[in-house]
Amino acid sequence: MPRFILLLKNRFVYTILLSNLFSQLGIWIRNFAVLLYVMEKSNADAFAVSMISVAEYAPIFVLSFIGGVFADRWRPKRTIVWCECLSTFSVFIVFLLLDAGSWTAVFFATLSSSIFSQFAQPSGMKLFKIHVSDEDAPICMSVLQTLFSIFMLAGPVLGTFVYRQFGIELAILWTGASFLLSALAMLFLPADRQQVSDKTQDQTSLLHEMAEGIRFVFLKKELLWLNLCFTCVGLGAGLIAPLGIFLITERLGLPAHDLPWITVPYGLGEMIGGIVTFVLAAKMAPYRLLMAGLVVNGCGILIAGFSTNLWLLMPVQFIIALLQPAIFIGNHALVMKHTEQEYVGRVTGIRTPVMTGAMLLAMSSAGVLKNILSLPAVYGLAGCSFLAGALIMIPFYRR
């Protein structure tokens, strides 16, 4: 029987999938219900809409590393269950505030969920390290990535439908119920093991453990290369994220409402890519998946930036998205392979703000660079960023 079929019968794997299914359901309903509600209540005020992103991304910078440290201190299953329960409680508070007439309370729903995620996500990675072997990690990561890809297509439709049909109050309650179901699913996992280092961790300071995590990443060459690689990926992704609309209006000369011509192939590519990578993960080494994704994405972005033909751009977008899951699955698997269990939380907590910070820095400068240079030049820089990430990984590949 194929190894990935056996893995899907693994109690840990299907429990994690079920928990993430409910969690993603709540996240997408919340994201689009909040977005549409804020648009409606603020008369599409750009500042109010941008505050949603601030509420979502600010905790990543402030708490991601700290959350990783505590994930290494605390028991992972218990941490995730508590985080999901607290998210449910915070959503219930938001519901009461909305019922009292305070519409700005919806920002708190996004903020609180993002805060608790900074503690839950590294704990989830630690659970993978405990329950899944390094050889099986790429397959498990590809299954999760496929689930996320499906929600990238279905989530916006689902979130919009729930808001339009039931309104913000019921959408918020649906979100809370989804988080609660995610926590209940986690209860089916085996109990956390008693950590030998529990007492010694209580005696060490938070700053000392943070310093130990940073030192570990810098001394472990593989992790340092992966962090540098994903800094390049973040820069490349951030440069093109705000500029996709200009491929339609400037390069193709089409109206802005024709944007789905390139977003739909991208979404399909991401979903199919997750499934394909799931099959390949059992046969290909993680670094090969990562290198293939980086090279194809870099070349694809270069072609997309210089394209003036819709029928060329559509398959290019599809191919770019098709190989994106390989990048993230390969990276996650390599991080798990080269990180000792007691450092998983801190390593994850360092990597997340590094990549997100690079993305936001590039996003904030993308418009300025486009005006100074040109759209093809910015896409060229983005493509070269992905290729630079591949070059950084060459020593890894040789090993």
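Biologist: How do H9 and H12 lie relative to each other, roughly parallel or roughly perpendicular?

Modeller: This is a predicted model. In the model, H9 (residues 221–240) and H12 (residues 286–306) pack at an angle of about 25 degrees. Angles under 35 degrees count as roughly parallel, so H9 and H12 are roughly parallel to each other.

Biologist: How far apart are the axes of H9 and H12?

Modeller: The two axes are 12 Å apart. H9 passes H12 in a left-handed crossing.

Biologist: Which residues meet there?

Modeller: From H9 there are Leu226, Cys229, Phe230, Val233 and Ile240. On the H12 side they meet Leu290, Leu294 and Ile301. By class, that contact has 8 nonpolar residues, no polar ones and no charged ones.

Biologist: Staying in H9, what about Asn227: buried or exposed?

Modeller: Asn227, which sits in helix H9, counts as buried because its relative accessibility is 11% and the cut-off for buried is under 20%.

Biologist: What does Asn227 touch?

Modeller: Leaving out residues up to four places away in sequence, Asn227 touches Val217, Ile350, Arg351 and Val354.

Biologist: Another pair, then. At what angle do H6 and H13 pack?

Modeller: H6 covers residues 137–186 and H13 covers residues 310–337. The two pack at an angle of about 140 degrees, and their axes are 9 Å apart. That makes H6 oblique to H13, because only angles over 145 degrees count as roughly antiparallel.

Biologist: Is that crossing left-handed or right-handed?

Modeller: H6 passes H13 in a right-handed crossing.

Biologist: And which residues make the contact?

Modeller: In H6 they are Pro138, Met141, Ser142 and Gln145. In H13 they are Pro325, Phe328, Ile329, His332, Ala333 and Met336. The residues of this contact divide into 7 nonpolar, 3 polar and no charged.

Biologist: Zooming out, how many helices and strands does the protein chain have?

Modeller: The chain has 16 helices and 0 strands.

Biologist: What is the radius of gyration of the chain?

Modeller: The protein chain has 21 Å. A compact globule with 399 residues would have a radius of gyration near 21 Å, so the value agrees. Along the principal axes, the C-alpha atoms fill a box of roughly 65 × 60 × 45 Å.

Biologist: How much of the chain is made up of buried residues?

Modeller: Buried residues make up 52% of the 399 residues.

Biologist: Last one. What share of the contacts is between residues 24 or more positions apart?

Modeller: Such residues account for 88% of the contacts with a separation of 6 or more.

Methods. Residues are numbered from 1 along each chain as its sequence is written. This is a predicted model: local features need pLDDT of at least 70, side-chain atom pairs count only at pLDDT 80 or more; totals for chains, interfaces and linings use all residues. Side-chain values use heavy atoms; hydrogens and water are left out. Axes are lines fitted to C-alpha atoms, for helices over the stretch in contact, and angles run from 0 to 180 degrees between N-to-C directions. Helices (H or I, at least four residues) and strands (E, at least two) are DSSP runs, numbered from the N terminus. Angles under 35 degrees count as roughly parallel, over 145 as roughly antiparallel, 65 to 115 as roughly perpendicular and the rest as oblique. A crossing is left-handed if the near helix is turned anticlockwise from the far one by less than a right angle, and right-handed if clockwise. Contact means heavy atoms within 4.5 Å. Ala, Val, Leu, Ile, Met, Phe, Trp, Tyr, Cys and Pro count as nonpolar, Asp, Glu, Lys and Arg as charged, and the others, Gly among them, as polar. The radius of gyration is taken over C-alpha atoms; the globule rule is 2.2 Å times the number of residues to the power 0.38. Buried means under 20% relative accessible area, exposed over 50%, partly exposed in between (1.4 Å probe, protein chains only).
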